[in-house]
Amino acid sequence: MPINIIEKIEIKYLQIVNEKGEADSSLMPPLSNDEIKKLFETMILARTFNHRALSLQREGRIGTYASIWGQEASQIGSAYALDKDDWIFPSFRESGVFVEKGYPLWMLYRYWAGDERGMQIPEGFYLFPMSVPVGTHVPHATGAAWAMRLKGHRKVAAAYFGDGGSSKGDFYEGMNFAGVFKAPVIFLCQNNQWAISVPRARQTAAKTIAQKAAACGFEGIQVDGNDIFAVYKATKDAVEKAKNGGGPTLIECFTYRLDDHTTSDDASRYRTEEEVEVWKKKEPLIRLRLFMEKKGLWTKQYEDEVSKKAQETVDKEIQKAEAFAAPDPADIVRYTYGELTPRQKRELKEFGWEK
Amino acid sequence: MPWTKIYSNKEEFEKAAAGSTLRGITYKEAILEATSRMLEQDKSVFVIGEGVDDAGGVFGTTKNLHLKFGKDRVMDSPLAENGITGIAIGAAISGMRPILVHMRVDFLPLTLDQIINHAAKWHYMFGGKLSVPLVVRAIIGRGWGSAAQHSQSLPSLFTNIPGLRVLMPATPYDAKGLLRAAVYDGNPVIIIEHRWLYDHMGHVPEDDYTVPIGKGIVRREGKDATVVGISYMAYEAMRAAEALSKEGIETEVIDPRTVKPLDMGLIIESVKKTGRLVIADTGWKECSVGAEIVARIMEESCGILKAPVVRVNLPETPTPASPALEKAYYPGVDHIISAVKKTIQK
């Protein structure tokens, strides 16, 4: 008997705007000039938020912080493609997603200053709190997607996680279930090449992370994560597919973490400056700027104004965050259960937390 | 009340119920009925687990529900215990009330990350903005060579964790009422059932009702010693109490029904009266529910004991497979009788 090939897997790579800012118009998603400018301005705001967070950490005004520098296109392009009421399950490195969704920046600063109230998501935001445990929220997104299906809502859930998270069982189990039941979920892998000090090559022997979807019976695609248009288009297509009953998609945003893992890390101990320099030239804002300049949408003066406005916004938000009063000690037990247990009532008195 | 009574088998129940119009059903039927009613009444309830649509229906507790409610609401899942727990958590925080079923308690260790680090924490970490109305049912196996990896009773893995509730109903009435209470509690709840309870019968009203979480029950009154019998051990305690009664020793039997929170008030009141305490549990001794009961008596009412507490637990070793060894392994009525006598002799 001959040996037959019974399945072949092909993985697409999507890039729409190259490093010179040149676009493939046949692939370009229909975004208006105003929308393109909005994306640019959001990236500037996210970057401003990020750089100020790093300074605040150095000054001891917030705690450990995970920088998003270099990943703004992967975060903002994908978040922009999700509808306002699609549920998002972010990891801790998704401050850019929060910025794109208009989340109060002062709350984000509070969160990074070690205040859980910063992640008590206000009404009207379809964001779940950032997952600090790695990859464990991937099945939560699948479960939320399944809940939407049972409720008959035409919505999707999106899970953001990194290349490190893709080695977790939760990732595979969440994806496998979504494949079997065609749950409307988008798996957004932010492949930034480093999981703290572990390089991408140590996460998997597979050529791409995108191909892991094939084992779960649905499409995985790799996109240039520093090309905001590629990220946007891949996500938009996945959202449409999921909303039309076509099931999940895995999108691997191929990008790079330009900063240390967090402010508690020193990446110079495990990667070369040369490697970082190569990626600095490819970072997403340079490319969007070049593209917009060609279209007559960018001038230095425009960017200066956008940056100034972003600085002012961030300043005000930091003031607001720092003026926010410390929580009540009774909060320590208040939210463990829906209501206090008899033991907790006793402990409120014992510890002197009751007013 | 008729439904506070505990019967070891169908014959016992039928003898007691002779001439009465009260309905008797088995423990497994009680779970099936509670689940079916909630699926019927509430679109947010769904059942998920490995084999829930199997012909046997997880020992009869989910039998044929998929035919009535469809495979989307009674869903057989891929073999991925931690993953499906995460999926059920995701659905719960999105407004659903999932009932996740494991055929064995032994599968729960695979789910600990999702239960301990996520289900138990979301409500707390995010200031009450998210609740996790998740119910996890898991079954203690015994006999038929269930052995080391298919027979464990592990409530203590969860009783140590703030944010969780742990229920261990012993009667059909409580199985039905506590399952409903768990689904509508709003907090993540682990229900540990014992396989040997499934064919026990008792009075169960047809209407919907809940049994309050955190309230134990006196199954039998007595003045000489208190026996706390957890889950299946409540039955062994009742048998022991009957035998002891013939010797003139009157034992009070308490079934805590829920082990987190524990109804310590009820236990302390009983021990105040008897001064003697035996705790019969389905699991091992160290850091067990029994250990918690003893610690709480020491903390809250240390003077009420007239004799040292005696605990009846499994020996400190995994469950053997061989029927001969298994028979020797499990403590039962005789151990409880000896334990009560030991406390009285002191």
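Predicted model: local features only at pLDDT ≥ 70, side-chain atom pairs only at ≥ 80, totals over all residues.
Begin by selecting A:Cys216 together with A:Cys189, and display their sulfur atoms. The cysteine sulfur closest to that of A:Cys216 belongs to A:Cys189, and because the two are 13 Å apart, they are too far from each other for a bond. With a relative accessible area of 6%, A:Cys216 is buried. Now move to chain B and select B:Cys287, which at a relative accessible area of 67% is exposed.

Next, return to chain A and select helix H7, residues 228-243, where you will find A:Lys243. Is A:Lys243 buried or exposed? Its relative accessibility is 11%, and because the limit for buried is under 20%, A:Lys243 counts as buried.

From here, show both chains and turn to the contact between them, to which chain B gives 44 residues and chain A gives 34 residues. The area buried between chain B and chain A is about 3,200 Å², and carbon and sulfur atoms give 64% of that area. Select B:Ile87, B:Tyr124 and B:Phe126, which supply 19% of the area that chain B buries against chain A, more than any other three residues.

Then look for the charged pairs: the rule finds two salt bridges across the interface of chain B and chain A. One of them can be seen by selecting B:Glu292 and A:Arg343, whose closest N and O atoms are 2.7 Å apart. Counting residue pairs in polar contact between chain B and chain A, both at pLDDT 80 or more, gives 13.

As a last stop, colour chain B by its helices and strands. The elements that give two or more residues to the side touching chain A are strands S2 (45-49) and S3 (74-76), along with helices H5 (81-93), H6 (112-119), H7 (122-125) and H12 (289-301), all of chain B. Which element supplies the largest share of this side of chain B? The answer is H5(B), from which 10 residues come. Colouring by class instead, the side of chain B that touches chain A has 19 nonpolar, 14 polar and 11 charged residues.

Definitions and conventions. Residues numbered from 1 in each chain as written. Chains lettered and ligands numbered in written order. Heavy atoms only, no water. Contact = heavy atoms within 4.5 Å. Buried area = accessible area lost by both parts, 1.4 Å probe. Salt bridge = Lys/Arg side-chain N within 4 Å of Asp/Glu carboxyl O. Polar contact = N/O pair within 3.5 Å; in protein donor to acceptor, adjacent residues only side chain to side chain. Helix = DSSP H or I, 4+ residues; strand = E, 2+ residues; numbered from the N terminus. Nonpolar A, V, L, I, M, F, W, Y, C, P; charged D, E, K, R; others polar. Disulfide = S-S within 2.5 Å. Buried < 20%, exposed > 50% of the residue type's maximum accessible area, 1.4 Å probe, protein only.
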